[in-house]
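Take a look at the model below, then work through each task before reading its solution.

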Amino acid sequence: MKQVLVFGAGLVAGPLVRYLLDQPDFHVTVASRTVSKAQELVGDHPRGRAVAADVERHPAVIAELVPQADLVVSMLPYTYHPQVAGQCIRHGKHLVTTSYVSDAMRALDGPARQAGIILLNEMGLDPGIDHMEAMRVIHQVRQAGGRVVGFRSYCGGLPAPEANTNPFGYKFSWSPRGVLLAGRNAAHYRQDGQEVFIPGPELFAHYEIVHIPGLGDFEGYPNRDSLPYATTYGIEDARTMFRGTLRNLGWCPTMKALADLGLFDTTERDDFGRTWADLLRQLTGYPTGDLRQAVAAHLGLDPADEVLDRLAWLGLFDDQPLPPVTPPTLLDALSAQMQPRLRYAPGERDMIILQHEFEIEYPDRPAGRIVSTLIDYGTPYGETSMSRTVGLPAAIGARMILEGAITLTGVQIPVTPQIYEPVLAELATVGIAFQEITA
């Protein structure tokens, strides 16, 4: 019996845990700060176990649990992955995560190889499925004698059209805090041979309209540093290398306003004021007068702008008590304010859109273009698309490692055929598949 340890029981852990429990020779332990969430995932399954593990307050629990497993899946915030990986190296256990490879994780490549284990990261949706499909097409192009000279990719987790019922055009299918933290990231990409750098505070000022056939127009903005993936994908000479995030119309100007107000600040402080109205007066420097007018003036917006309508809908102009949060930061207060208002109602579906565009040159024929698009929907009263597309690749990867189908060691991401071919094939059997158009 193979022992699998899963750290974390959050919004995207359900399909992962259920897939692993469906394997006849796997025993799955789910460790979570809130043990009731872990228990809900394993239910009364005879090969499932729920345990309490607050890695923030009691980090020693990692060292206690890892030696009991053959493989660990960490669905914790990425900052904890190096601690988990360190214990996996010490005890010779494999690790799977859905997070980007951090510098701290990358530094463990040598020790992991020496220990004979794999630290398989970026096994979710974005990062994850995006890499797999990118490499599948790039390898396909090379086999046809071509080369990719331009790559643009957009990914978004959004409400399905019928569930798009709030002014933000967004609902949380993963950590609200994680969504806001991602909005602080700087961006770096290449466009038509020119490198572009965007500082975090200006991220949401740099977006474009992206049309998805059958669904309409969306806002797309850059996602972190795209350029390392030119090397990872083996397309270092591509004139365009861009990876972005997709949202419904109006999201970027609204997030830019929240950022400009200082509400993405992660500094711990105790001088918020009693209410949201108090806080906004403090942040804008307008102690009296019409608050909407004051915020409009501070942001350089017309008082009738729809961005202000969204802030009003969120309750930021109200004399409503600020939510108590730990840690006491403006970002966490905003996250707590948004969470109940941008929540999926029972039975509502979410939607994943992932689209890659490849510009291709051939030595013996005209240039071409390939567009590969994944559109996936959650199940009413069932699994979300976000949880399936994040959790299932990690679960499939874990199974393949334990069955010996993945034999790589060290720090890896899913860009080799040994990983991406069987994972994409299995995802297609459950309806998670790309449609490819060639022009």
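Predicted model: local features only at pLDDT ≥ 70, side-chain atom pairs only at ≥ 80, totals over all residues.

**Exercise 1.** In which loop is the place of Tyr381? Then work out whether this residue counts as buried or exposed.

Step 1: Tyr381 sits in the loop between β14 (368–377) and α15 (385–402).
Step 2: The phi of Tyr381 is positive, about 65°, although the residue is not a glycine.
Step 3: The cut-off for exposed is over 50% relative accessible area. Tyr381 has a relative accessible area of 70%, so it is exposed.

**Exercise 2.** Now do likewise for Asp192: in which loop is its place, and what is its phi near?

*Solution.* Step 1: Asp192 is found in the loop between β8 (187–191) and β9 (194–198).
Step 1: Its phi is near 50°, a positive value in a residue other than glycine.
Step 2: With a relative accessibility of 58%, Asp192 counts as exposed.

**Exercise 3.** Describe how helices α7 and α16 pack, and say which residues make the contact.

*Solution.* Step 1: Two packed helices are described by the angle between their axes and the distance between the axes.
Step 1: For α7 (residues 129–143) and α16 (residues 417–429), the angle is about 110° and the axes are 10 Å apart.
Step 2: Angles of 65 to 115 degrees count as roughly perpendicular. The two helices, α7 and α16, are therefore roughly perpendicular to each other.
Step 3: From α7, the contact uses Ile129, Met132, Glu133, Met135, Arg136 and His139. From α16 come Pro417, Tyr420, Val423, Leu424 and Leu427.
Step 4: Sorted by type, the residues of this contact are eight nonpolar, one polar and two charged.

**Exercise 4.** How many helices and strands are there in the protein chain, and is it compact or extended for its length?

*Solution.* Step 1: The protein chain has 16 helices and 16 strands.
Step 1: Its radius of gyration is 23 Å, close to the 22 Å that the globule rule gives for 439 residues, so the chain is as compact as a globular protein of that length.
Step 2: Of these 439 residues, 55% count as buried.

Definitions and conventions. Residues numbered from 1 in each chain as written. Heavy atoms only, no water. Axes fitted to C-alpha atoms, helices over the stretch in contact; angles between N-to-C directions. Helix = DSSP H or I, 4+ residues; strand = E, 2+ residues; numbered from the N terminus. Parallel < 35°, antiparallel > 145°, perpendicular 65-115°, else oblique. Contact = heavy atoms within 4.5 Å. Nonpolar A, V, L, I, M, F, W, Y, C, P; charged D, E, K, R; others polar. Rg over C-alpha atoms; globule rule 2.2 N^0.38 Å. Buried < 20%, exposed > 50% of the residue type's maximum accessible area, 1.4 Å probe, protein only.
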